[in-house]
Amino acid sequence: MPHEGPVDAVDARILLELAEHPRATTLALADRVGISRNTAQSRLTRLESGGALTSFEHRISPAALGYPLTAYITAQVTQRLLDEVAAALAEVPEVLQVQGISGPVDLMIQVVASDADDLYRVAGRILAIPGVERTNTALVMRQLVDHRITPLLRRVAGE
């Protein structure tokens, strides 16, 4: 669900504090930002319901769960079956994220695997989905910049 309206400087400061102190109470966040507890609670509720504050799943390492390999699989799909393909991909536990992209391929699929043989199995499962016409797999060799949002929050917060 998209966020309704832009995040303002106060929202950004709340989110920065939450990023730095994920276990902070609403009262602690309010104190650190310099707003009332009710204002902080109201803004957090709006950020959550509006989609600006999303899942904390990014903080869980797939490697810690036994999936040290990450790969991106691009897929060309039969356009009229796009919704069915997306639903089938959502049923594959190793699929972390699927994005529809522009260009010669239709989907960018982030997957994890326990080893090369497991990646081969996952890629084969994706290719076997009705409507998937062709795939290409690229193994992530090294993470150079972790997923982050803090630099954008700092900009919006005016820091």
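The legends below describe close-up views of a predicted model.

Local features were taken only at pLDDT of at least 70 and side-chain atom pairs only at pLDDT 80 or more, whereas totals for chains, interfaces and linings use all residues. Residues are numbered from 1 along each chain as its sequence is written, and side-chain values use heavy atoms, with hydrogens and water left out.

**View 1**
Helices are DSSP runs of H or I with at least four residues, strands are runs of E with at least two, and both are numbered from the N terminus. The expected span is 1.5 Å times one less than the number of residues. Ala40, Arg43, Leu44 and Leu47 are the buried residues of H3. Seen down the axis of H3, these buried residues fall within an arc of 100 degrees, so they line one face of the helix. The arc is taken over the directions from the helix axis to the C-beta atoms. An α-helix has 3.6 residues a turn, so residues three or four places apart point the same way. Buried means under 20% relative accessible area, exposed means over 50%, and partly exposed is in between (1.4 Å probe, protein chains only). The buried residues of H3 pack against helix H1 (9-20) and helix H2 (26-33). Just after H3, Gly51 has a positive phi of about 90 degrees.

**View 2. The crossing of H1 and H3.**
The two axes come within 11 Å and cross at roughly 85 degrees. H1 and H3 are therefore roughly perpendicular to each other. Axes are lines fitted to C-alpha atoms, for helices over the stretch in contact, and angles run from 0 to 180 degrees between N-to-C directions. Angles under 35 degrees count as roughly parallel, over 145 as roughly antiparallel, 65 to 115 as roughly perpendicular and the rest as oblique. On the H1 side, the contact (heavy atoms within 4.5 Å) holds Val10, Asp11, Ile14, Leu15 and Leu18, which meet Ala40, Arg43, Leu44, Arg46 and Leu47 of H3. Seven residues of this contact are nonpolar, none is polar and three are charged. Ala, Val, Leu, Ile, Met, Phe, Trp, Tyr, Cys and Pro count as nonpolar, Asp, Glu, Lys and Arg as charged, and the others, Gly among them, as polar.

**View 3. The packing of H2 on H3.**
H2 and H3 pack at an angle of about 105 degrees, and their axes are 8 Å apart. H2 and H3 are therefore roughly perpendicular to each other. Thr26, Leu27, Leu29 and Ala30 of H2 meet Arg37, Ala40, Gln41 and Leu44 of H3. This contact consists of five nonpolar residues, two polar and one charged.

**View 4. Helix H1 and what covers it.**
The twelve residues of H1 should span 16 Å at 1.5 Å a residue, and the end C-alpha atoms of H1 are 16 Å apart, which agrees. Asp11, Ala12, Ile14, Leu15, Leu16, Glu17 and Leu18 are buried in H1. The cover over these buried residues includes H2, H3 and helix H6 (150-157). Ala9, also in H1, is partly exposed at 31% relative accessible area. Ala9 touches Val156 and Ala157, not counting residues up to four places away in sequence. The C-alpha atoms of Ala9 and Gly158 are 6.7 Å apart, although 149 residues separate them in sequence.

**View 5. Val33 in helix H2.**
Val33 is buried, with a relative accessible area of 8%. Apart from neighbours within four places in sequence, Val33 is in contact with Val10, Arg13, Ile14 and Glu17. Val33 and Leu16 are 17 residues apart along the chain, and their C-alpha atoms are separated by 9.5 Å.

**View 6. Glu94 in the loop between helix H4 (82-90) and strand S2 (95-100).**
Glu94 counts as buried at 8% relative accessibility. With neighbours within four places in sequence left aside, Glu94 is in contact with Tyr67, Gln110, Val111, Val112, Arg121, Val122 and Arg125.

**View 7. Gln76 in strand S1 (residues 69-77).**
Gln76 is partly exposed, with a relative accessible area of 26%. Beyond neighbours within four places in sequence, its contacts are Pro104, Val105, Asp106, Gly131, Val132, Glu133 and Arg134. Gln76 and Gly131 are 55 residues apart along the chain, with 8.5 Å between their C-alpha atoms.
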